Amino acid sequence: MEDLSLPLSVALPLLFLGLFIFNFFRKSGDDVEKLPPGSLGWPIIGETLEFLFGKHEKFVSDRMKKYSADIFKTKILGEKTVVVCGPEGHKFLFSNEGKYFTAFRPHSIQKIFRSYGQGAAAPEPVTRDTKAKLLRAPGFLKPEALVHYLGKMDSISQQLLQSHWEGKKEVKVYPFAKTLTLTLASRFFLGTDDPERITRLVANFDDITEGMHSIPLNIPGTGFYKASKAAAAIRKELLAVIKEKKVAIAAGQPMRDILSHMIVAANSTGRLMPEVEIAGNTMGLLTAGYSTVATAIAFLMKYVGERPDIYSKILAEQSAIAATKQPGDFLVWDDMQKMKYSWNTVYEVMRFTPPLQGTFRTVLKDFTYAGYNIPKGWKVYWTVSTTNKNPAYFRDPEKFDPTRYEEGNGNGNGSSPPPFAFVPFGGGPRMCPGKEYARFAILTFLHNVVKRYKWEVLLPNEKIVDGMMPTPQNGIPVHLQLH
(Lines give C-alpha, C1' and ligand atoms only; values in the text may rest on other atoms or scores of the structure.)
Protein backbone atom coordinates (compact mmCIF):
# COMPACT_ATOMS: atom_id res chain seq x y z
CA MET A 1 0.00 0.00 0.00
CA GLU A 2 1.37 3.40 -0.96
CA ASP A 3 2.41 5.60 1.99
CA LEU A 4 0.37 8.81 1.68
CA SER A 5 1.91 10.57 4.67
CA LEU A 6 4.16 13.58 4.10
CA PRO A 7 7.74 13.42 5.37
CA LEU A 8 8.21 15.49 8.51
CA SER A 9 10.74 17.68 6.71
CA VAL A 10 7.98 18.74 4.29
CA ALA A 11 5.05 18.86 6.70
CA LEU A 12 6.61 21.24 9.24
CA PRO A 13 7.55 23.95 6.71
CA LEU A 14 4.05 23.74 5.22
CA LEU A 15 2.54 24.13 8.69
CA PHE A 16 4.63 27.21 9.48
CA LEU A 17 3.87 28.66 6.04
CA GLY A 18 0.15 28.19 6.67
CA LEU A 19 0.37 29.90 10.05
CA PHE A 20 2.35 32.78 8.52
CA ILE A 21 -0.24 33.26 5.75
CA PHE A 22 -3.10 33.08 8.30
CA ASN A 23 -1.41 35.65 10.54
CA PHE A 24 -0.59 37.91 7.57
CA PHE A 25 -4.14 37.99 6.30
CA ARG A 26 -5.53 38.43 9.80
CA LYS A 27 -3.32 41.48 10.31
CA SER A 28 -4.17 42.75 6.84
CA GLY A 29 -7.85 42.41 7.68
CA ASP A 30 -7.26 44.39 10.87
CA ASP A 31 -5.59 47.15 8.85
CA VAL A 32 -8.49 47.30 6.36
CA GLU A 33 -11.08 47.40 9.14
CA LYS A 34 -8.81 49.60 11.28
CA LEU A 35 -9.54 47.58 14.38
CA PRO A 36 -8.05 48.71 17.70
CA PRO A 37 -4.48 47.55 18.42
CA GLY A 38 -4.07 44.43 20.49
CA SER A 39 -3.90 40.67 20.21
CA LEU A 40 -6.56 37.99 19.85
CA GLY A 41 -4.16 35.51 21.42
CA TRP A 42 -4.26 31.79 20.76
CA PRO A 43 -6.78 30.15 18.45
CA ILE A 44 -10.11 29.41 20.19
CA ILE A 45 -9.06 30.35 23.74
CA GLY A 46 -7.60 33.75 22.88
CA GLU A 47 -6.23 35.40 26.04
CA THR A 48 -8.80 33.83 28.36
CA LEU A 49 -6.28 32.03 30.58
CA GLU A 50 -4.35 35.23 31.32
CA PHE A 51 -7.62 37.09 31.92
CA LEU A 52 -9.05 34.51 34.34
CA PHE A 53 -5.97 33.28 36.16
CA GLY A 54 -3.57 36.22 36.06
CA LYS A 55 -3.72 39.44 38.04
CA HIS A 56 -6.62 41.37 36.56
CA GLU A 57 -5.14 44.85 36.99
CA LYS A 58 -1.91 43.69 35.37
CA PHE A 59 -3.78 42.15 32.42
CA VAL A 60 -5.39 45.51 31.69
CA SER A 61 -2.49 47.86 32.50
CA ASP A 62 0.06 45.84 30.50
CA ARG A 63 -2.09 46.08 27.38
CA MET A 64 -2.83 49.76 27.89
CA LYS A 65 0.93 50.40 27.99
CA LYS A 66 1.69 48.12 25.06
CA TYR A 67 -1.16 49.03 22.70
CA SER A 68 -3.18 52.12 23.66
CA ALA A 69 -4.30 54.00 26.76
CA ASP A 70 -7.68 54.54 25.06
CA ILE A 71 -8.73 51.16 23.68
CA PHE A 72 -7.32 47.74 22.84
CA LYS A 73 -8.65 44.47 21.47
CA THR A 74 -8.40 40.97 22.91
CA LYS A 75 -10.29 37.69 22.87
CA ILE A 76 -11.63 36.46 26.19
CA LEU A 77 -14.24 33.90 27.19
CA GLY A 78 -14.74 32.98 23.56
CA GLU A 79 -15.52 36.50 22.33
CA LYS A 80 -13.65 39.10 20.30
CA THR A 81 -13.60 41.99 22.73
CA VAL A 82 -12.47 45.58 22.98
CA VAL A 83 -11.60 47.25 26.29
CA VAL A 84 -12.42 50.96 26.46
CA CYS A 85 -10.17 52.75 28.92
CA GLY A 86 -10.09 55.81 31.14
CA PRO A 87 -12.76 58.36 32.07
CA GLU A 88 -13.49 59.16 28.41
CA GLY A 89 -14.03 55.50 27.68
CA HIS A 90 -16.36 55.17 30.66
CA LYS A 91 -18.30 58.23 29.57
CA PHE A 92 -18.63 57.02 25.97
CA LEU A 93 -19.90 53.64 27.11
CA PHE A 94 -22.39 54.97 29.65
CA SER A 95 -23.66 57.63 27.22
CA ASN A 96 -24.37 55.18 24.41
CA GLU A 97 -26.26 52.38 26.16
CA GLY A 98 -29.02 51.21 23.86
CA LYS A 99 -27.49 53.01 20.88
CA TYR A 100 -24.23 51.11 20.43
CA PHE A 101 -24.30 48.72 23.40
CA THR A 102 -26.52 46.37 25.31
CA ALA A 103 -25.76 44.09 28.23
CA PHE A 104 -24.01 40.78 27.63
CA ARG A 105 -23.48 37.91 30.02
CA PRO A 106 -20.56 35.55 29.28
CA HIS A 107 -21.59 32.07 28.16
CA SER A 108 -20.67 30.54 31.52
CA ILE A 109 -23.10 32.88 33.30
CA GLN A 110 -25.82 32.30 30.72
CA LYS A 111 -25.60 28.54 31.21
CA ILE A 112 -25.44 28.71 35.00
CA PHE A 113 -28.43 31.03 35.34
CA ARG A 114 -30.68 29.59 32.65
CA SER A 115 -34.10 28.65 34.02
CA TYR A 116 -34.60 25.31 32.26
CA GLY A 117 -32.80 21.99 32.31
CA GLN A 118 -31.04 19.92 29.71
CA GLY A 119 -33.47 18.59 27.16
CA ALA A 120 -36.33 20.80 28.33
CA ALA A 121 -37.88 23.43 26.14
CA ALA A 122 -36.81 26.96 26.85
CA PRO A 123 -39.60 29.12 28.26
CA GLU A 124 -40.99 31.95 26.19
CA PRO A 125 -38.39 34.70 26.64
CA VAL A 126 -39.13 37.75 28.72
CA THR A 127 -37.35 40.82 27.40
CA ARG A 128 -34.77 42.70 29.47
CA ASP A 129 -37.05 45.74 29.42
CA THR A 130 -39.90 43.69 30.86
CA LYS A 131 -37.67 42.37 33.64
CA ALA A 132 -36.46 45.88 34.42
CA LYS A 133 -40.05 47.14 34.63
CA LEU A 134 -40.97 44.30 36.98
CA LEU A 135 -38.23 45.38 39.37
CA ARG A 136 -38.75 49.11 39.06
CA ALA A 137 -42.56 49.24 39.07
CA PRO A 138 -42.91 49.15 42.88
CA GLY A 139 -39.64 51.06 43.33
CA PHE A 140 -38.16 48.45 45.66
CA LEU A 141 -34.61 49.69 45.15
CA LYS A 142 -35.33 53.40 45.41
CA PRO A 143 -34.06 55.14 48.58
CA GLU A 144 -37.57 56.11 49.68
CA ALA A 145 -38.58 52.43 49.56
CA LEU A 146 -35.38 51.15 51.15
CA VAL A 147 -35.91 53.45 54.11
CA HIS A 148 -38.74 51.19 55.26
CA TYR A 149 -36.33 48.24 55.21
CA LEU A 150 -33.52 50.07 57.02
CA GLY A 151 -34.76 49.19 60.50
CA LYS A 152 -34.82 45.51 59.56
CA MET A 153 -31.28 45.77 58.19
CA ASP A 154 -30.17 47.29 61.49
CA SER A 155 -31.95 44.59 63.49
CA ILE A 156 -30.48 41.72 61.44
CA SER A 157 -26.96 43.17 61.71
CA GLN A 158 -27.27 43.41 65.49
CA GLN A 159 -28.70 39.89 65.82
CA LEU A 160 -26.01 38.25 63.69
CA LEU A 161 -23.15 40.10 65.37
CA GLN A 162 -24.48 38.91 68.71
CA SER A 163 -25.06 35.30 67.66
CA HIS A 164 -21.79 34.90 65.69
CA TRP A 165 -19.23 37.12 67.46
CA GLU A 166 -20.49 37.57 71.03
CA GLY A 167 -17.90 36.28 73.53
CA LYS A 168 -15.28 35.48 70.88
CA LYS A 169 -11.77 36.87 70.73
CA GLU A 170 -10.92 35.86 67.17
CA VAL A 171 -13.26 35.60 64.19
CA LYS A 172 -13.04 35.40 60.41
CA VAL A 173 -14.70 38.35 58.74
CA TYR A 174 -15.33 37.04 55.24
CA PRO A 175 -17.49 34.00 56.14
CA PHE A 176 -19.54 36.19 58.50
CA ALA A 177 -19.95 38.89 55.84
CA LYS A 178 -21.33 36.30 53.43
CA THR A 179 -23.84 35.04 55.99
CA LEU A 180 -24.88 38.59 56.83
CA THR A 181 -25.34 39.76 53.25
CA LEU A 182 -27.20 36.64 52.15
CA THR A 183 -29.50 36.98 55.16
CA LEU A 184 -30.19 40.61 54.26
CA ALA A 185 -30.71 39.76 50.58
CA SER A 186 -33.01 36.83 51.38
CA ARG A 187 -35.10 38.99 53.66
CA PHE A 188 -35.30 41.80 51.11
CA PHE A 189 -35.82 39.78 47.94
CA LEU A 190 -37.57 36.67 49.30
CA GLY A 191 -39.21 37.88 52.48
CA THR A 192 -37.52 35.15 54.54
CA ASP A 193 -34.51 34.95 56.85
CA ASP A 194 -34.74 31.29 57.89
CA PRO A 195 -31.23 30.53 59.31
CA GLU A 196 -31.24 26.91 58.10
CA ARG A 197 -32.18 27.95 54.59
CA ILE A 198 -29.48 30.66 54.62
CA THR A 199 -26.85 28.12 55.69
CA ARG A 200 -27.79 25.85 52.79
CA LEU A 201 -27.67 28.71 50.32
CA VAL A 202 -24.30 30.22 51.37
CA ALA A 203 -22.18 27.24 50.28
CA ASN A 204 -23.96 27.01 46.95
CA PHE A 205 -23.64 30.73 46.23
CA ASP A 206 -19.90 30.50 46.91
CA ASP A 207 -19.61 27.89 44.16
CA ILE A 208 -21.68 30.05 41.79
CA THR A 209 -19.58 33.19 42.27
CA GLU A 210 -16.38 31.19 41.70
CA GLY A 211 -17.71 29.65 38.49
CA MET A 212 -19.55 32.59 36.92
CA HIS A 213 -16.50 33.77 34.98
CA SER A 214 -14.94 30.49 33.97
CA ILE A 215 -14.35 28.28 30.95
CA PRO A 216 -17.72 26.50 30.53
CA LEU A 217 -16.44 22.94 30.71
CA ASN A 218 -19.02 20.80 32.51
CA ILE A 219 -16.45 18.30 33.77
CA PRO A 220 -16.25 17.16 37.41
CA GLY A 221 -13.65 19.20 39.27
CA THR A 222 -13.98 22.37 37.21
CA GLY A 223 -15.34 25.61 38.62
CA PHE A 224 -18.09 25.64 36.01
CA TYR A 225 -19.23 22.12 36.94
CA LYS A 226 -19.45 23.03 40.63
CA ALA A 227 -21.30 26.26 39.80
CA SER A 228 -23.82 24.39 37.63
CA LYS A 229 -24.52 21.86 40.41
CA ALA A 230 -24.87 24.69 42.92
CA ALA A 231 -27.27 26.57 40.64
CA ALA A 232 -29.47 23.48 40.36
CA ALA A 233 -29.59 23.16 44.15
CA ILE A 234 -30.41 26.86 44.62
CA ARG A 235 -33.09 26.70 41.92
CA LYS A 236 -34.71 23.76 43.72
CA GLU A 237 -34.67 25.69 46.99
CA LEU A 238 -36.13 28.80 45.35
CA LEU A 239 -38.91 26.84 43.66
CA ALA A 240 -39.91 25.62 47.12
CA VAL A 241 -39.89 29.23 48.40
CA ILE A 242 -42.04 30.33 45.44
CA LYS A 243 -44.64 27.66 46.18
CA GLU A 244 -44.69 28.71 49.85
CA LYS A 245 -45.03 32.33 48.80
CA LYS A 246 -47.95 31.56 46.49
CA VAL A 247 -49.81 29.88 49.35
CA ALA A 248 -49.16 32.90 51.58
CA ILE A 249 -50.35 35.32 48.87
CA ALA A 250 -53.53 33.27 48.37
CA ALA A 251 -54.14 33.50 52.12
CA GLY A 252 -54.04 37.28 51.92
CA GLN A 253 -50.63 37.96 53.42
CA PRO A 254 -49.13 41.35 52.37
CA MET A 255 -46.59 41.39 49.52
CA ARG A 256 -43.58 43.33 50.72
CA ASP A 257 -40.75 41.68 48.80
CA ILE A 258 -39.59 41.48 45.20
CA LEU A 259 -40.36 37.76 44.90
CA SER A 260 -44.04 38.32 45.69
CA HIS A 261 -44.20 41.07 43.10
CA MET A 262 -42.64 38.85 40.41
CA ILE A 263 -45.16 36.12 41.18
CA VAL A 264 -48.21 38.31 40.59
CA ALA A 265 -46.89 40.82 38.02
CA ALA A 266 -47.96 40.30 34.40
CA ASN A 267 -46.54 41.74 31.20
CA SER A 268 -48.51 43.75 28.63
CA THR A 269 -50.10 40.57 27.22
CA GLY A 270 -51.29 39.44 30.64
CA ARG A 271 -48.72 36.65 30.85
CA LEU A 272 -47.38 35.74 34.28
CA MET A 273 -43.75 34.78 34.64
CA PRO A 274 -43.21 30.98 34.88
CA GLU A 275 -41.94 29.66 38.20
CA VAL A 276 -38.64 28.46 36.71
CA GLU A 277 -38.02 31.89 35.28
CA ILE A 278 -38.87 33.59 38.57
CA ALA A 279 -36.37 31.26 40.24
CA GLY A 280 -33.67 32.15 37.69
CA ASN A 281 -34.23 35.89 38.02
CA THR A 282 -34.32 35.66 41.81
CA MET A 283 -31.06 33.71 41.83
CA GLY A 284 -29.46 36.51 39.81
CA LEU A 285 -30.74 39.15 42.23
CA LEU A 286 -29.49 37.21 45.26
CA THR A 287 -26.07 36.73 43.68
CA ALA A 288 -25.78 40.46 42.96
CA GLY A 289 -26.88 41.40 46.48
CA TYR A 290 -24.63 38.83 48.11
CA SER A 291 -21.13 38.47 46.72
CA THR A 292 -20.14 42.07 45.99
CA VAL A 293 -21.55 43.47 49.24
CA ALA A 294 -19.90 40.71 51.28
CA THR A 295 -16.56 41.42 49.61
CA ALA A 296 -16.85 45.15 50.32
CA ILE A 297 -17.66 44.50 54.00
CA ALA A 298 -14.77 42.07 54.41
CA PHE A 299 -12.16 44.40 52.94
CA LEU A 300 -13.65 47.35 54.82
CA MET A 301 -12.86 45.50 58.06
CA LYS A 302 -9.35 44.74 56.79
CA TYR A 303 -8.36 48.25 55.75
CA VAL A 304 -9.99 50.00 58.73
CA GLY A 305 -8.45 47.47 61.12
CA GLU A 306 -5.02 48.31 59.74
CA ARG A 307 -5.49 52.06 60.20
CA PRO A 308 -6.25 53.16 63.79
CA ASP A 309 -6.49 56.79 62.64
CA ILE A 310 -9.28 55.96 60.19
CA TYR A 311 -11.01 53.74 62.75
CA SER A 312 -11.03 56.63 65.26
CA LYS A 313 -12.71 58.98 62.78
CA ILE A 314 -15.36 56.41 61.89
CA LEU A 315 -15.97 55.67 65.56
CA ALA A 316 -16.45 59.37 66.32
CA GLU A 317 -18.91 59.75 63.44
CA GLN A 318 -20.92 56.66 64.39
CA SER A 319 -20.85 57.44 68.12
CA ALA A 320 -22.39 60.84 67.44
CA ILE A 321 -25.26 59.11 65.64
CA ALA A 322 -25.63 56.48 68.38
CA ALA A 323 -25.83 59.23 71.01
CA THR A 324 -29.11 60.46 69.48
CA LYS A 325 -30.78 57.05 69.90
CA GLN A 326 -32.96 55.70 72.67
CA PRO A 327 -32.75 51.98 73.59
CA GLY A 328 -34.54 50.02 70.86
CA ASP A 329 -34.25 52.76 68.23
CA PHE A 330 -33.02 51.75 64.80
CA LEU A 331 -31.15 53.68 62.14
CA VAL A 332 -33.19 56.00 59.92
CA TRP A 333 -32.64 57.88 56.65
CA ASP A 334 -31.17 60.98 58.31
CA ASP A 335 -28.55 58.82 60.03
CA MET A 336 -27.37 57.48 56.67
CA GLN A 337 -26.81 61.01 55.41
CA LYS A 338 -24.55 61.77 58.38
CA MET A 339 -22.17 58.90 57.64
CA LYS A 340 -20.09 60.89 55.14
CA TYR A 341 -16.61 59.93 56.28
CA SER A 342 -17.71 56.32 56.73
CA TRP A 343 -19.03 56.17 53.16
CA ASN A 344 -15.90 57.84 51.80
CA THR A 345 -13.96 55.05 53.51
CA VAL A 346 -16.13 52.48 51.75
CA TYR A 347 -15.42 54.27 48.47
CA GLU A 348 -11.70 53.98 49.11
CA VAL A 349 -12.09 50.26 49.89
CA MET A 350 -13.85 49.78 46.54
CA ARG A 351 -11.09 51.70 44.75
CA PHE A 352 -8.34 49.65 46.39
CA THR A 353 -10.06 46.27 46.02
CA PRO A 354 -13.06 46.44 43.66
CA PRO A 355 -15.70 43.85 44.64
CA LEU A 356 -16.32 43.32 40.91
CA GLN A 357 -13.72 44.12 38.28
CA GLY A 358 -16.03 44.80 35.34
CA THR A 359 -18.91 43.83 33.06
CA PHE A 360 -19.51 43.08 29.39
CA ARG A 361 -21.59 44.63 26.62
CA THR A 362 -22.54 43.52 23.10
CA VAL A 363 -21.97 45.93 20.20
CA LEU A 364 -25.34 46.59 18.52
CA LYS A 365 -23.96 48.30 15.40
CA ASP A 366 -20.62 49.36 13.99
CA PHE A 367 -19.14 52.44 15.59
CA THR A 368 -15.88 54.36 15.73
CA TYR A 369 -14.01 55.27 18.90
CA ALA A 370 -10.56 56.85 19.31
CA GLY A 371 -10.05 56.52 15.56
CA TYR A 372 -10.73 52.77 15.46
CA ASN A 373 -13.66 50.78 14.11
CA ILE A 374 -15.50 48.31 16.32
CA PRO A 375 -17.73 45.87 14.40
CA LYS A 376 -21.27 44.85 15.30
CA GLY A 377 -21.34 41.64 17.32
CA TRP A 378 -18.04 42.22 19.09
CA LYS A 379 -18.06 42.55 22.87
CA VAL A 380 -16.96 45.50 24.99
CA TYR A 381 -15.43 44.92 28.40
CA TRP A 382 -15.80 47.75 30.87
CA THR A 383 -13.52 47.65 33.91
CA VAL A 384 -12.61 49.95 36.79
CA SER A 385 -9.00 48.75 36.47
CA THR A 386 -8.22 51.37 33.82
CA THR A 387 -8.62 54.24 36.30
CA ASN A 388 -8.74 53.14 39.95
CA LYS A 389 -4.99 53.22 40.58
CA ASN A 390 -3.97 55.50 37.75
CA PRO A 391 -1.90 58.46 39.07
CA ALA A 392 -3.36 60.62 36.31
CA TYR A 393 -6.68 60.56 38.18
CA PHE A 394 -5.73 59.76 41.80
CA ARG A 395 -2.91 61.44 43.67
CA ASP A 396 -0.76 58.86 45.52
CA PRO A 397 -2.93 56.02 44.19
CA GLU A 398 -1.31 53.41 46.46
CA LYS A 399 -2.21 55.43 49.58
CA PHE A 400 -5.45 54.51 51.34
CA ASP A 401 -7.03 57.94 51.86
CA PRO A 402 -10.81 58.37 52.38
CA THR A 403 -10.48 62.18 52.34
CA ARG A 404 -9.71 62.17 48.60
CA TYR A 405 -13.47 62.10 47.93
CA GLU A 406 -14.08 65.27 49.91
CA GLU A 407 -14.33 68.56 48.06
CA GLY A 408 -10.91 70.19 47.81
CA ASN A 409 -8.93 66.95 48.02
CA GLY A 410 -7.90 64.21 45.65
CA ASN A 411 -5.84 65.08 42.59
CA GLY A 412 -2.85 67.33 42.37
CA ASN A 413 -5.08 70.19 41.24
CA GLY A 414 -6.87 70.11 44.59
CA SER A 415 -10.14 68.63 43.32
CA SER A 416 -11.96 65.35 43.78
CA PRO A 417 -11.38 62.61 41.18
CA PRO A 418 -12.49 63.86 37.74
CA PRO A 419 -15.88 62.83 36.34
CA PHE A 420 -16.06 59.16 35.26
CA ALA A 421 -12.68 58.35 36.85
CA PHE A 422 -14.24 56.62 39.85
CA VAL A 423 -17.34 54.64 38.92
CA PRO A 424 -17.66 51.67 41.32
CA PHE A 425 -21.35 51.27 40.49
CA GLY A 426 -21.07 51.93 36.77
CA GLY A 427 -23.01 54.77 35.18
CA GLY A 428 -25.66 55.79 32.69
CA PRO A 429 -28.90 53.82 32.23
CA ARG A 430 -27.22 50.64 33.48
CA MET A 431 -25.83 52.08 36.71
CA CYS A 432 -26.14 49.40 39.38
CA PRO A 433 -29.77 49.60 40.58
CA GLY A 434 -28.69 48.23 43.95
CA LYS A 435 -26.31 51.07 44.81
CA GLU A 436 -28.46 52.44 47.63
CA TYR A 437 -29.23 48.95 48.90
CA ALA A 438 -25.48 48.23 49.08
CA ARG A 439 -24.83 51.57 50.81
CA PHE A 440 -27.45 50.91 53.47
CA ALA A 441 -26.28 47.32 54.05
CA ILE A 442 -22.59 48.22 54.40
CA LEU A 443 -23.09 51.32 56.56
CA THR A 444 -25.59 49.58 58.84
CA PHE A 445 -23.05 46.83 59.50
CA LEU A 446 -20.24 49.36 60.03
CA HIS A 447 -22.36 51.35 62.51
CA ASN A 448 -23.01 48.27 64.62
CA VAL A 449 -19.55 46.76 64.51
CA VAL A 450 -17.66 49.94 65.52
CA LYS A 451 -20.12 50.56 68.37
CA ARG A 452 -19.17 47.18 69.83
CA TYR A 453 -15.61 46.43 68.83
CA LYS A 454 -12.14 47.56 68.01
CA TRP A 455 -10.24 44.98 66.01
CA GLU A 456 -6.77 44.00 64.85
CA VAL A 457 -6.11 42.28 61.53
CA LEU A 458 -4.14 39.12 62.27
CA LEU A 459 -2.80 38.51 58.76
CA PRO A 460 -2.00 41.91 57.20
CA ASN A 461 -0.24 40.21 54.29
CA GLU A 462 -2.92 37.61 53.70
CA LYS A 463 -2.96 36.39 50.11
CA ILE A 464 -5.83 37.72 48.00
CA VAL A 465 -6.91 35.31 45.27
CA ASP A 466 -7.26 37.49 42.18
CA GLY A 467 -10.11 37.19 39.74
CA MET A 468 -13.26 39.00 38.73
CA MET A 469 -14.15 38.95 42.45
CA PRO A 470 -11.20 39.09 44.90
CA THR A 471 -11.19 36.45 47.64
CA PRO A 472 -9.13 36.57 50.88
CA GLN A 473 -7.49 33.16 51.14
CA ASN A 474 -7.83 32.89 54.93
CA GLY A 475 -11.10 34.77 55.38
CA ILE A 476 -9.55 37.88 57.01
CA PRO A 477 -9.10 36.72 60.64
CA VAL A 478 -9.26 39.51 63.23
CA HIS A 479 -8.80 39.85 66.97
CA LEU A 480 -11.81 41.52 68.59
CA GLN A 481 -11.68 43.88 71.56
CA LEU A 482 -15.07 44.69 73.08
CA HIS A 483 -15.58 48.35 74.04
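Okay, let's start with helix 3, residues 56-66, which lies across strand 1 and strand 8 and runs at about 130° to strand 1. Keep in mind that this is a predicted model.

Helix 4, residues 86-95, also belongs in this part of the story. It lies across strand 2, strand 3, strand 5 (358-363) and strand 8, and it runs at about 125° to strand 8.

So what order do the strands of that open sheet come in? There are five of them, ordered 1-2-8-5-3, and the pairing is mixed. At the edges you'll find strand 1 (71-76) and strand 3 (101-104), each pairing on one side only. From one strand to the next, the twist averages 35°.

Let's zoom in on one pair. Strand 2, residues 79-84, and strand 8, residues 379-383, pair in the parallel sense over three bridges.

For an antiparallel case, go to strand 9, residues 453-457. Five bridges join strand 9 to strand 12, residues 477-482. Here W455 has L480 in strand 12 as its bridge partner. Strand 9 has two faces, too: Y453, W455 and V457 are on the covered one, while K454 and E456 are on the uncovered one.

Now for helix 16, residues 435-452. How does it sit against helix 8, residues 173-190? Their axes come within 12 Å and cross at roughly 130°, so the two helices count as oblique to each other. From helix 8, the contact uses F176, L180, T181, L184, A185 and F188, and from helix 16 it uses Y437, A441 and F445. The crossing is right-handed, by the way.

Stay on helix 16 for one more residue, H447. Is H447 buried or exposed? The cut-off for buried is under 20% relative accessible area, so H447, at 2%, counts as buried. Leaving out residues up to four places away in sequence, H447 touches Q318, I321, A322, L331 and M339.

Finally, let's zoom out. The protein has 16 helices and twelve strands. Of its 483 residues, 50% are buried. Among contacts with a separation of 6 or more, 72% are between residues 24 or more positions apart. And the accessible surface comes to about 23300 Å², with 57% of that belonging to carbon and sulfur atoms.

Key. Residues are numbered from 1 along each chain as its sequence is written. This is a predicted model: local features need pLDDT of at least 70, side-chain atom pairs count only at pLDDT 80 or more; totals for chains, interfaces and linings use all residues. Side-chain values use heavy atoms; hydrogens and water are left out. Helices (H or I, at least four residues) and strands (E, at least two) are DSSP runs, numbered from the N terminus. Buried means under 20% relative accessible area, exposed over 50%, partly exposed in between (1.4 Å probe, protein chains only). Contact means heavy atoms within 4.5 Å. Accessible areas come from the Shrake-Rupley method with a 1.4 Å probe; for residues, only the protein chains shown count as cover. Two strands pair if DSSP finds at least two bridges between them. Axes are lines fitted to C-alpha atoms, for helices over the stretch in contact, and angles run from 0 to 180 degrees between N-to-C directions. Angles under 35 degrees count as roughly parallel, over 145 as roughly antiparallel, 65 to 115 as roughly perpendicular and the rest as oblique. A crossing is left-handed if the near helix is turned anticlockwise from the far one by less than a right angle, and right-handed if clockwise.
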